[in-house]
Amino acid sequence: MARAIARGWGDPVVCSDNGSGRAAALAAELGGEALATNSEVAERSDLVLLCHKPAQLQSVAAELNGSVKAVGSVLGATSIAALQDAYPGVQVFRLMPNTAVEVRRGVVCYSPAPDVDAGLEAEVLSLFERLGSVVTLPESQIEAATAVMGVGPAYQALLAEAQVDAAVRRGLPGRLAALLVTETMAGTAALLVEHEYDTLAVRREVTSPGGSTARGLAALEHGGVRAAFDDAIDAVLDGGRR
């Protein structure tokens with residue numbers, strides 16, 4: 001996620017890692033510097049964006065405290081209270097982006113912390129608005145939102161893959177099938193926005209009674225597409241609670 005966000009911004013970065021070499025690769029790609037320690041990053045930054053594993057929260061905080069001015073977190077299943085506990089007295093921002101931020105078409109969910117500084121908040125949100133749509137929602141809803149938008153690019157890719165595979169089995173070249181499917185997905189997304197997210201209206205424009213679209217939709221319903229997505233969101237949420 002760190003790489004996707006940085007690529008979406010396209011600016012030189014000041015970054016660090018745990019020795020993996022990813023920070024150096026990112027700095028080489030975008031410009032900037034890969035620093036030896038997390039504390040050096042904090043000393044040189046107005047906002048430090050946490051992209052490490054949630055289990056590393058306390059250990060990373062121990063390095064940064066005393067140097068960090070403000071913290072943005074994209075850590076899964078890590079509450080505002082946990083961030084405030086790890087960074088006492090520091091302004092914290094809980095954000096959940098998806099990987100489409102890399103091409104500036106992402107969705108970023110934001111849950112405001114109590115008593116957040118309004119001026120700093122505006123600056124942080126302006127920064128993330130460069131990456132796509134920023135949606136503000138209460139923290140009680142962010143896990144369910146993540147189970148939709150956070151995993152969404154993988155689901156959409158799977159749907160595209162399934163359609164491409166089906167088309168290839170019927171004789172279409174793979175490249176052509178992929179073009180037809182992905183451009184149709186992009187166009188459909190634009191239609192849904194134009195129709196104010198009225199999925200039924202978009203379906204009705206395509207579906208004639210007894211026609212080919214109606215038969216295809218019936219096959220998808222018979223295959224359990226709705227139940228599959230319902231099971232998927234439960235799997236994501238239940239797994240995050242273990």
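View 1. T78 is buried, with a relative accessible area of 4%; buried denotes under 20% relative accessible area, exposed over 50% and partly exposed in between, calculated with a 1.4 Å probe on protein chains only. The model is predicted, so that local features need pLDDT of at least 70 and side-chain atom pairs count only at pLDDT 80 or more, whereas totals for chains, interfaces and linings use all residues. Residues are numbered from 1 along each chain as its sequence is written, and side-chain values use heavy atoms, with hydrogens and water left out. T78 lies in the loop between β4 (70-73) and α5 (80-86); helices (H or I, at least four residues) and strands (E, at least two) are DSSP runs, numbered from the N terminus. The side chain of T78 reaches the backbone oxygen of G76 at 3.0 Å. Not counting residues up to four places away in sequence, T78 touches P54, L57, L83 and R94, where contact means heavy atoms within 4.5 Å.

**View 2. Strand β4 and its two neighbours.** Both faces of β4 are covered, with A70 and G72 buried on one side and V71 and S73 buried on the other. Strand β3 (residues 48-50) pairs with β4 in the parallel sense over three bridges; pairing requires that DSSP finds at least two bridges between two strands. V71 in β4 is the bridge partner of V48. Between β3 and β4 the chain passes through helix α4 (residues 57-64), in a right-handed β-α-β crossover. A crossover is right-handed if, with the strands pointing away from the viewer, the path from the first strand over the helix to the second runs clockwise. Strand β5 (residues 91-97) also pairs with β4 in the parallel sense, over four bridges, and R94 in β5 stands opposite S73. A right-handed β-α-β unit is formed by β4, α5 and β5.

View 3. S45 is located in the loop between α3 (38-43) and β3. This residue is buried, with a relative accessible area of 10%. The S45 side chain reaches the backbone oxygen of V41 at 2.6 Å.

**View 4. The buried residues of helix α6.** E121, V124, L125 and F128 are the buried residues of α6. Seen down the axis of α6, these residues fall within an arc of 95°, so they line one face of the helix; the arc is that of the directions from the helix axis to the C-beta atoms. They pack against α1 (2-9), β3, β5, β6 (106-111) and β7 (132-136).

Key: A polar contact is a pair of N or O atoms within 3.5 Å; within protein, one must be able to donate a hydrogen and the other to accept it, and residues adjacent in sequence count only if both atoms are side-chain atoms.
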